[in-house]
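Work through the exercises below with the model open. Try each task before reading its solution.

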Amino acid sequence: MKGKILFVAGLAAGYVVGARAGRQSYEKIKLRADKVWHDPNVQRGVTKAEDFVAEKAPIVGRKIQETAQDAAHAATEKVRSATSKSDPETPKL
């Protein structure tokens, strides 16, 4: 029983020490990331990326819509073909 208590106490102490060290490391990483994010060169890159996406989004949207329509049409034709082959008396859609 004494061994289990010491083991749990050791785990608790390790957790507390690790949590403190982890928090300090987290704060350092957060500070560095914040500095990088607010760097003017990074912000110029972000602006360029946003502009590119805004320009290309309508084109991509149309292409996705066309592809979805083509897929729906192809699926409808497959269903029609399968239905007509399986039961010749079934009326066609």
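Accessible areas here come from the Shrake-Rupley method with a 1.4 Å probe. The model is predicted.

**Exercise 1. Describe the surface and the fold elements of the chain.**

Solution. 
- Start with the area. The chain exposes about 8,500 Å².
- Turn to burial. Buried means under 20% relative accessible area. The chain has 93 residues, and 1% of them count as buried.
- Finish with secondary structure. The chain holds two helices and zero strands.

**Exercise 2. Which residues make the nonpolar surface patch of about 320 Å²?**

Solution. 
- The patch is made by Phe7, Val8 and Leu11.
- Helix α1, residues 2–37, contains phenylalanine 7.
- Check its exposure. Patch residues need over 30% relative accessible area. Phenylalanine 7 has 56%, so it counts as exposed.

**Exercise 3. How many salt bridges does the chain have? Find the partners and their exposure.**

Solution. 
- Set the cut-off. A side-chain nitrogen of Lys or Arg must lie within 4 Å of a carboxyl oxygen of Asp or Glu.
- Count. The rule gives two salt bridges.
- Take one pair. Lysine 56 and glutamate 55 meet through their side chains, at 3.7 Å from N to O.
- Glutamate 55 is exposed at 51% relative accessible area. Lysine 56 is partly exposed at 31%.
- Take the other pair. Glutamate 77 bridges to arginine 80, with the closest N and O atoms 3.2 Å apart.
- Glutamate 77 is partly exposed, with a relative accessible area of 35%. Arginine 80 is also partly exposed, at 35%.

**Exercise 4. Why are glutamate 77 and arginine 80 separated by about one helical turn?**

Solution. 
- Locate the pair. Both residues sit in helix α2, residues 40–86.

Conventions. Residues numbered from 1 in each chain as written. Predicted model: local features only at pLDDT ≥ 70, side-chain atom pairs only at ≥ 80, totals over all residues. Heavy atoms only, no water. Patch = residues over 30% accessible without salt bridge, like charges linked within 9 Å, V, L, I, M, F, W, Y side chains within 5 Å. Helix = DSSP H or I, 4+ residues; strand = E, 2+ residues; numbered from the N terminus. Buried < 20%, exposed > 50% of the residue type's maximum accessible area, 1.4 Å probe, protein only.
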